[in-house]
Amino acid sequence: MRAVDTFSHLTMLKTEHNGNMQQTLLTSEQYRNLTKKIILSIEKRHRIVPINSLKSMKYFLKSPIYITLEYEKGKVIAGFDDIEAFSYADTESEAVSQLCEEIIQIYEDMTEDRANLGSLPAKWLLYLEEIIGCR
Amino acid sequence: MQIKKAEIEKIFGKLRLEVRSTKHRYGWFCFEGKKILRVHFSHGKGDIPGRVSDKIRSQLKLSQKNFKELIDCPLSLDDYVVILKNKGLI
């Protein structure tokens with residue numbers, strides 16, 4: 001269930017319209033607990049986390065970037081949607097390390113061949129040059 | 001949609017995507033010498049998680065129907081180029 005649907009559903013649970021009157025179906029505490037449960041359930045499957053470093057001797061991040069962590073059947077998928085990069089592994093740290101390696105490989109691939117980039121990779125390179133610095 | 005690593009290899013062969021080395025986990029789709037898009041590659045055997053398959057489909061810029069056709073063979077390299085041209089990526 002999408003977050004918007006969930007909150008619409010919650011609102012329906014919380015109030016029932018009867019003319020101009022509103023009748024509460026859940027107490028404030030029940031409403032709060034239900035909200036917490038839903039947020040926890042979403043966080044178990046999908047998280048957005050900042051990373052401050054590419055774990056590289058050669059490159060550094062000029063500012064933190066936000067990556068997604070998704071969980072499926074014992075695997076962790078780390079993604080950096082701005083350049084459509086992702087990696088998956090058994091643990092969060094492995095998935096994040098592999099994603100960092102992949103971001104660097106993509107950056108190097110594109111800088112080496114910048115005259116031959118299609119429209120999409122050209123945009124990725126512009127963005128990566130804004131966020132990656134060379135030591 | 002769940003797919004196997006062998007099916008990804010099949011896509012790589014069909015679209016002539018090249019993985020630079022075993023260290024690399026992606027290949028570039030090139031057209032007339034230009035890098036057009038990048039696709040994740042999984043070394044080894046076995047199934048790929050469903051979310052990963054979705055992300056690969058998204059990297060290829062294909063609908064679910066076309067992605068299935070690419071794996072099952074009706075969609076050729078020429079058809080794929082037409083799709084990318086229609087999307088303004090080539």
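Let's start with one residue: Phe86(A) counts as buried because 26 C-beta neighbours fall inside 10 Å. The cut-off for buried is 20 or more other C-beta atoms within 10 Å of a residue's own, while exposed means 12 or fewer and partly exposed is anything in between, with C-beta atoms placed from the backbone.

Before going on, a word on what you're looking at. This is a predicted model, in which local features need pLDDT of at least 70 and side-chain atom pairs count only at pLDDT 80 or more, while totals for chains, interfaces and linings use all residues. Residues are numbered from 1 along each chain as its sequence is written, and chains are lettered from A and ligands numbered from 1 in the order in which they are written.

Back to Phe86(A), which sits in strand E7 (residues 85-89) of chain A. Helices (H or I, at least four residues) and strands (E, at least two) are DSSP runs, numbered from the N terminus. Setting aside neighbours within four places in sequence, Phe86(A) is in contact with Ile77(A), Ala78(A), Gly79(A) and Leu99(A), and also with His40(B) and Lys55(B). Contact here means that the C-beta atoms of two residues, placed from the backbone, lie within 7 Å.

Now zoom out to chain A, which has 4 helices and 8 strands. Along the sequence they follow the pattern α-β-β-α-β-β-β-β-β-α-α-β. Of the 135 residues in this chain, 19% are buried.

E7(A) belongs to an open sheet of 4 strands, ordered E3-E5-E6-E7 in chain A, with antiparallel pairing. Two strands pair if DSSP finds at least two bridges between them. Strand E3 (46-51) and E7 of chain A are at the edges with a single partner strand each, so one side of each has no neighbour in the sheet. From one strand to the next, the twist averages 25°. E3(A) and E5(A) run antiparallel and are joined by 6 bridges; for Pro50(A), the bridge partner in E5(A) is Tyr66(A). Against this sheet packs H3(A), touching E3, E5, strand E6 (75-80) and E7 of chain A, and its direction makes about 145° with that of E7(A). Such angles run from 0 to 180 degrees between N-to-C directions, with axes fitted as lines to C-alpha atoms, for helices over the stretch in contact.

What about the core? In soluble globular proteins, nonpolar side chains tend to be buried together. A nonpolar core is a set of buried Ala, Val, Leu, Ile, Met, Phe, Trp, Tyr and Cys residues joined through C-beta atoms within 7 Å. The largest one here has 40 residues, and those touching the most other members are Ile77(A), Ala78(A), Leu99(A), Ile103(A) and Val39(B). Helix H3 (residues 92-112) of chain A gives the largest share of this core, 7 residues. Leu99(A) has contacts that include Ile67(A), Ala78(A), Phe80(A) and Phe86(A), leaving aside neighbours within four places in sequence.

Finally, the interface: 18 residues of chain B are in contact with 20 of chain A. On the chain B side, strand E3 (34-40) and helix H2 (50-60) are the elements that give two or more residues, and E3(B) provides the largest share, 6 residues. By class, that side has 7 nonpolar, 5 polar and 6 charged residues. Nonpolar here covers Ala, Val, Leu, Ile, Met, Phe, Trp, Tyr, Cys and Pro, charged covers Asp, Glu, Lys and Arg, and the others, Gly among them, are polar.
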